[in-house]
Amino acid sequence: MSRRVRRRVLTRGKEKLDYSEIDESLSLDDRGVLDWTRLPDDTVIQLFSCLNYRDRASLSSTCRTWRTLGKSPCLWQALDLRFHKCDPASASSLVSRCENLHKLRFRGPDSVDAIINLQAKNLREISGDSCRKMTDATLSVLAARHESLECLMIGPDFCERISSDALKAVAICCPKLRKLRLSGMHEVDADAINALAKHCPKLTDIGFIDCRKVDETALGNVASVRFLSVAGTTHMKWHLISQHWSKLRDLVALDVSRTDITPTIISRFFSSSISLKVLCALNCPLLDTDPTYLSNKNHKGKVLLAFTTDILKGVSALFADTPMTSKTNCFLDWRNTKVKDGRTDEVLNWLEWIISNSLLRVSESNPPGLDSFWLNQGTSLLLTFMQSPQEEVQERAATALATFVVIDDENACIDTGRAEAVMRDGGIRLLLDIARSWRDGLQSEAAKAIANLSVNANVAKAVADEGGINVLVNLVSSVNRMVAEEAAGGLWNLSVGDDHKGTIAEAGAVKALVDIIYKWSRSGGGDGVLERAAGALANLAADDGCSREVASAGGVQALVMLARTYKVEGVQEQAARALANLAAHGDSNTNNAAVGQEAGALEALLQLTRSTHDGVRQEAAGALWNLSFDDRNREAIAAAGGVEALVSLAQSCSGSSHGLQERAAGALWGLSVSETNSIAIGQEGGVAPLIALARSDAEDVHETAAGALWNLAFNPGNALRIVEEGGVPDLVHLCSSSVSKMARFMSALALAYMFDGRLDEIAVVGTSTESGSKSVNLDGFRRMAMKHIEAFLLTFSDPQAFAAAAASSAPTALTQITEAARIQEAGHLRCSGAEIGRFVLMLRNPSPILKGCAAFALLQFTVPGGRHAVLHVRLLQNTGAQRVLRAAAAAAGAPIQAKIFARIVLRNLEQHPPESLV
C-alpha cells in the first residue's frame, strides 16, 4: 500500500481542529491533476461519510476499490431516510451494507416498508417524524422486525392513530428498550404501561408527550424509569401522581412542561421523591402566575426549571461539584470538559432534548407574554442547543429560531426585537456554520431560520456580511427538496429592497434559481421550491441590471413555463409577479418585448386573470399593465382577448383588495392607449366598472381608474357612455377632492375631452348612438365640469407670481411658476400625436377654461427631463403648435393662467435643441 495520510492539528481560538492532510505527490498525476483513484483509503471513507446514502451508494459503483470502501461498516452505522425517498426495492439493494446499522431516522409511515426491507436486525435506534398517519399495524410490524431496539422515538407530530395496543406490541417485541418517546397519542392506558414495566426492565427514559390521556397510576409501576416526560399532556390527575410516582426510586428528572400543574403538586413532588433532582415546568400557566412560589428558593435541594427562573443557572446548580470552567453556560462547559462523567452526560443530554422540544412547541403556539423570556433567556438557550452534539436537538433549536420570530407568516412579519437578539448573540454565524454542514436536516432548518430572520433589514445585512448569500446560493442547488426550498426562501427574503440584489446576482443566484425551476418542475413535488425561486427572481427582476441577467439566464422562458403549465396558486402568483417586474423596464432594456413575444406568455397571463385567487389575478393584471407599454404587446394582448378578459376582471373585483383593483384599472389604462382598444373597451362594457373603481377610497385605485377614463374619453362614443353611466360627478369629485395630484390632473383632462365640443357632434340630449340609452343633461354636466376644471387650475396659480411673470420677460419668473405647477408623475405619461393635436386644438377653443387646461397639460408633457418630453416636443413641432401657442400667450381676452402656461410651453420647446428631436 503506497497511500499515506498525515494528521494535522490547527487551532481556531480555543478549539482544536483535527483533519487529514493528503500527501499531494500521491494524489496528483503528472499534469498536476487530482487523481481520485490514488487518494488514501481513509480519505475516501471520510469523503463518503459526508454524503447521503444514495450518493454514497452511487459513488461506490464507480470502481472496484471504491465499491469495497463504500461498504465499510463505519459508513453504515447510521442512516437518514428523511430527505430522500427510499422504496422497498432501493432498500433491498442496501441490505449487504446494513448488517451493522445501529441508528435510523425516517419520515412518514410510507418509509416503514423500506426499513423492513433493509433487514437491519441489529438496529438499536429508530426515530421517525411526520408520522401522523402511522397506524398500530405499522408500528407493531416495525417493532416485531427489530427485537434489538433500544430507542424508539416518534414525533413531534401527533401519532393520533397509534393506540395502546401498538404500545403493548412494542413492549413485548423489544425487551431491550431503554428509551421510548411518543407524541400525540390519544390514550396510553394501564395495560400498555404495565406491559412496558413487565417486558422492558431496562427502560429508563419515557416520554408520553402531548398525549390526551396517560394512566398516571400505572406509570408508577415502571420502576426502572429515571427520566420521565409528560409535557403537553392533558387530563392529568395530579392529586394521584405524587402518591404513585414517589415509588419511582430511580427517578432523577421529570418534565411537566406545558401542563396545568400547580405549585402545590410540585411541592409534593419535591417532598416525596427522594431521587428527583430536576423538574422542568416550562410554560405552565398556573405556576408562572404564582410569583411567590417561584421566588421561594426552598425546593428541598431540587432544581425547578421554569420560564420565570434562570434556567442555565438552575442546570449549573445540578453539577455544583463537577469541574466546569465558567459556570455561566453549563451546556457549553460540559462539551468542553475533557473528563466526562456518564451520569452527567445522561442528564444533560436529556435536558437538552426536553428543553429544546418544549421551546419548539412554545414557539409554534407563540403565546402572549413571553417577550421577556425570549429576549433574556430563550434566544440564548436556542443558540446553545444549536451547538449540541445531538443532531436532533440542533435541528429543533434551528426550527425554533425560525419560528419564534414570526408574528404573521402570511404577511412575512417578524418580531424585530427577537430577530436582532439572535443577531446580537452570534446566532447568524452559528446558523451559517450549520448550513455549511453536510447533513440535510441541519441544512434545511438552518436555511429556514436564516430566511425568516432575514425579513429584518439589520439581520439581512448581517447575513450578507457573514457570507450567507454564497451559502444560500450553494444550498439552492441541493438535490434535497427541503434544503433547496428553504435556501430559495432565504434568497427571496434577502432580495427584498435594493441592498443585496447586486450581491445575490454576483454570487450566481440568478442562474441557480432558473435552473431549479426547470429541475423541480420536471421532477414534481417541488411546489415550495418553485414558489420561492420565482419569488426571488421577481424581487431581483425589479432591478434593471438584475432583470437583464434573469433574461439572459433563460428566466423569461422558465417563468412563462410556470405561468402556462403550473396549477399551484402560489407558484402562479410569483411567476406572474416576476414577469411583471421583468416587463417594468421597457425604457432601459428589451425584457418587456421579450416577455410579450415569448410563446404563450400573453395567453397564460390572460388566463390567470380568471383565477379564483386574488393574488394570482393581481399579479397577472400587473404584468399585462406593464407589458401594454410596448406597442406590439398592447396590440397582441388585445388580439389574444385581452379586452374581454380585463373588462371582466374590472367588473368582478369591486370587493377585492386595492392592489387587485389598481392593477385591473391599470391594465385597462395601458390597453386603452390605442384608440381601437379604447373603443373596444367601451363597447365591451368597461366604462361602468372603471367609474365604480374611480369611487374607491384608495389613492392608487382612483388614480389608475382616472387614467383609464381619460384615455376612454378621447373617443366621443366613450365620452357619452361616461356621461350616461353617471361618471361626470365621480370625475368631478376626483378632480376636486383626490389627494393624488395625478388623479386630479387626469380627471380634469377627461372632463376637458368630454366637453371640448366633440361630444355635441354625436349626442343630442335624451338620445345616444346606442338604443336604450339613458337620458342626460349635457349642459348641466358641462357647467359642473368647467367649474371644477377651473378650480383645479387655480390650485396651481399664485396671483402674485403670475402677475410678476406677466409684467416681466425674465426667465426666472417662468421657472418659478413651472416648478410650482409641475406634477412630477405626469412626466411619465406618453401621449400620441392625436392627443397632442387635440390639446393644440383646445388652445383655440372659445372656452378660456379649456384653453388654460390645454396649456397646463402641454406644460406637464414638455417639461425638460420628462420621460417622453422629447417625443411630445417633436409632435408639437410637427403640428405647427408654436403659432397657436404664441396666439394663446398673446390673446387679449384669455385668462392670465392660460397665457403664462402657453409661454412656458413655448420656452420648453425652445429648450430642446433640434438635434435631440431626431
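In which helix is Asn 581 found? In this predicted model, Asn 581 belongs to helix H31, which covers residues 569-582. The residue is buried, because its relative accessible area is 19% and the cut-off for burial is under 20%. Sequence neighbours within four places aside, Asn 581 makes contact with Ala 538, Asn 539, Ala 541 and Ala 542.

The chain as a whole was described next. It has 918 residues, and 56% of them are buried. Its secondary structure amounts to 52 helices and 16 strands. The C-alpha trace extends about 110 × 80 × 55 Å along its principal axes. Contacts between residues at least 6 apart in sequence were also examined. Of these, 69% join residues at least 24 apart. The exposed surface comes to about 38200 Å². Carbon and sulfur atoms supply 49% of that area. The chain carries 97 positive and 103 negative charges.

Aromatic rings were then considered. A pair of aromatic rings is described by the distance of the centres and the angle of the planes. The structure holds 20 aromatic pairs. One of them joins Phe 307 and Phe 373, with ring centres 3.9 Å apart. Their planes meet at 25 degrees, so this pair is stacked; the cut-off for stacking is under 30 degrees. The two residues come from distant parts of the chain, 66 residues apart. Phe 307 sits in the loop between strand S14 (303-305) and helix H15 (311-318). Phe 373 belongs to helix H18, residues 371-385. Phe 307 is buried, at 5% relative accessible area. Phe 373 is also buried, at 5%.

Another pair is formed by Trp 625 and Trp 669. The ring centres of Trp 625 and Trp 669 are 6.4 Å apart. Their planes stand at 35 degrees, so the pair is tilted. This pair, too, links distant parts of the chain. Trp 625 lies in helix H34 (residues 614-627) and Trp 669 in helix H37 (residues 658-671).

Arg 56 lies over the face of Trp 76, at 4.7 Å from the ring centre. Arg 181 places its charged end over the ring of Trp 353. Here the distance to the ring centre is 4.2 Å.

Backbone geometry was examined at individual sites. The peptide bond from Gly 155 to Pro 156 is cis, with omega near 5 degrees. Pro 156 is located in the loop between strand S6 (151-154) and helix H8 (164-173). Gln 119 is not a glycine, yet has a positive phi of about 55 degrees. Gln 119 falls in the loop between helix H6 (112-117) and strand S5 (125-129). Its relative accessibility is 53%, so Gln 119 counts as exposed. His 235, likewise not a glycine, has a positive phi of about 60 degrees. The loop that holds His 235 runs between strand S11 (227-229) and helix H11 (238-245). His 235 is exposed, with 60% relative accessible area.

Asn 336 is in helix H16, residues 330-336. It counts as exposed, because its relative accessibility is 59% and exposure means over 50%. Asn 336 and Gly 232 are 104 residues apart along the chain. Their C-alpha atoms are separated by 33 Å. Gly 833 is in helix H48, residues 833-842. Gly 833 is partly exposed, at 35% relative accessible area. Gly 833 and His 872 are 39 residues apart along the chain, with 8.1 Å between their C-alpha atoms.

Terms used:
Residues numbered from 1 in each chain as written. Predicted model: local features only at pLDDT ≥ 70, side-chain atom pairs only at ≥ 80, totals over all residues. Heavy atoms only, no water. Phe/Tyr/Trp six-rings, centres within 6.5 Å; stacked < 30°, edge-to-face > 60°. Helix = DSSP H or I, 4+ residues; strand = E, 2+ residues; numbered from the N terminus. Buried < 20%, exposed > 50% of the residue type's maximum accessible area, 1.4 Å probe, protein only. Lys NZ or Arg CZ within 6 Å of the ring centre and 35° of its normal. Contact = heavy atoms within 4.5 Å. Areas by Shrake-Rupley, 256 points an atom, 1.4 Å probe, with all protein chains shown as cover. Lys, Arg positive; Asp, Glu negative; His and termini not counted. Charge placed at Lys NZ, Arg CZ, Asp CG, Glu CD.
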